[in-house]
Amino acid sequence: MNKLAYVKRGNILSVWWFVVLAIIGLGIVLGVLLFYSAYINVKSVESDVLTNKISLCFSANQKEINSINFLDNFSFFDKCNLNSEVFSKGSLYFVKIIVSDISNGEKKEYRYGTNSLEKDCEVEKGVLNAPKFPGCSTKELTINGKLKISIITASNNDGEVPRNG
């Protein structure tokens, strides 16, 4: 008799054990689905980070920046710790650097990445909600009181991690 009561309690306990496991499993599955189904647009934040990284690089290397042609001899990707492969043809990123001489107004432009993203940035400014357009950022800085540098960046990365090679 005592042995039979122990077996019945064991059967009841095993049913509840599976119910608890099912509830925990369902909670984990729902949590993962909610996490991965949420759309978070980080394009503009990524573009801001890229702009700030470039401006900090130029600020840190002010001694080497002395003419509008400085980027011709300045190893931009190495000094700014950027991967040049990310800015190859068909990439999801765009950088435009305009260097202007304050004294005579002479300008020089440098472009890296996908040039069509620049036009998309102009369109995106006029649209309230454009999730398919790139996030864009602009920053201007003055170096040594002689040069004005305008940095325009765009990111159209939907969350993929850029791969090397």
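Contact here means that two residues have heavy atoms within 4.5 Å of each other. This is a predicted model, in which local features need pLDDT of at least 70 and side-chain atom pairs count only at pLDDT 80 or more, while totals for chains, interfaces and linings use all residues. Residues are numbered from 1 along each chain as its sequence is written, and side-chain values use heavy atoms, with hydrogens and water left out.

**View 1. The chain as a whole.** Among contacts between residues at least 6 apart in sequence, 59% join residues at least 24 apart. The protein chain holds 5 helices and 4 strands, where helices (H or I, at least four residues) and strands (E, at least two) are DSSP runs numbered from the N terminus. Along the sequence these elements follow the pattern α-α-α-α-β-β-α-β-β. Of the 165 residues in the chain, 31% are buried (buried means under 20% relative accessible area, exposed over 50%, and partly exposed in between, with a 1.4 Å probe and protein chains only).

**View 2. The largest nonpolar core.** In soluble globular proteins, nonpolar side chains tend to be buried together. A nonpolar core is a set of buried Ala, Val, Leu, Ile, Met, Phe, Trp, Tyr and Cys residues joined through side-chain atoms within 4.5 Å. The largest one has 26 residues, and those with the most contacts inside it are F58, F76, I97 and I149. Elements that give two or more residues to this core include α2, α3 (70–73) and α4 (76–79), together with strands such as β3 (135–143) and β4 (147–155). Leaving aside residues up to four places away in sequence, F76 touches I54, F58, L71, L82, I97 and Y112.

View 3. Strands β1 and β2 run antiparallel and are joined by 7 bridges; two strands pair if DSSP finds at least two bridges between them. I97 stands opposite Y110 in β2. The two strands form a hairpin with 5 residues between them, and G105 in the turn has a positive phi of about 80 degrees.

**View 4. E85 in its loop.** E85 lies in the loop between α4 and β1, and E85 is partly exposed, with a relative accessible area of 42%. Although E85 and G113 are 28 residues apart in sequence, their C-alpha atoms are 9.2 Å apart in space.
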